[in-house]
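Visitor: I'm new to reading protein models. Could you walk me through one?

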Amino acid sequence: MASEPAIKPKIISQMVDLGGTTLHLRVFGGGEGDSGSEGDTPLILLHGLGGDSTSWTLNHRQLAVGRRVISVDLPGHGKSDRNVGEATVPSTADLLSGLPDALGIERFHLLGLSYGG
């Protein structure tokens, strides 16, 4: 059995506006973000259709060791805006392309499952 990290990451609930659409984020961990080291590079998590940012709950602790992990409620899910506009994969991708800038992140890793992939 893998050992558990010694420190439980702090969880912060955050709202971010992307061109008139408000998304809810759950932010974990304490990496500094853009130090250039892979261990500090933030990780953005996108859930599948019908899920929300809590879909990653069982993974947050391990993923947030040494880095910031940002779990997104996609439009129409969780605590994000219910107005989803076109609700197509391209329109969602266009919206999400502004997230790193809104968070002040230059480099990041992106992990998605199902619709979020």
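Guide: Let's start with histidine 77, which is buried, with a relative accessible area of 13%; buried means under 20%, exposed over 50%, partly exposed in between (1.4 Å probe, protein chains only). This is a predicted model: local features need pLDDT of at least 70, side-chain atom pairs count only at pLDDT 80 or more, and totals for chains, interfaces and linings use all residues. Residues are numbered from 1 along each chain as its sequence is written, and side-chain values use heavy atoms, leaving out hydrogens and water.

Visitor: Where does histidine 77 lie?

Guide: Helices (H or I, at least four residues) and strands (E, at least two) are DSSP runs, numbered from the N terminus. Histidine 77 sits in the loop between strand S4 (69-73) and helix H2 (89-96).

Visitor: Which residues does histidine 77 touch?

Guide: Contact means heavy atoms within 4.5 Å. Not counting residues up to four places away in sequence, histidine 77 touches His47, Leu49, Gly50, Gly51 and Arg82.

Visitor: Is histidine 24 buried or exposed?

Guide: Histidine 24 is buried, at a relative accessible area of 3%, and its place is in strand S2 (residues 21-28).

Visitor: In what order do the five strands form the sheet?

Guide: Two strands pair if DSSP finds at least two bridges between them. Here the open sheet runs S1-S2-S4-S3-S5, with mixed pairing. At its edges are strand S1 (11-18) and strand S5 (109-112), each pairing on one side only. Strand S3 (residues 43-46) pairs with S4 in the parallel sense over four bridges, and leucine 43 has valine 69 in S4 as its bridge partner.
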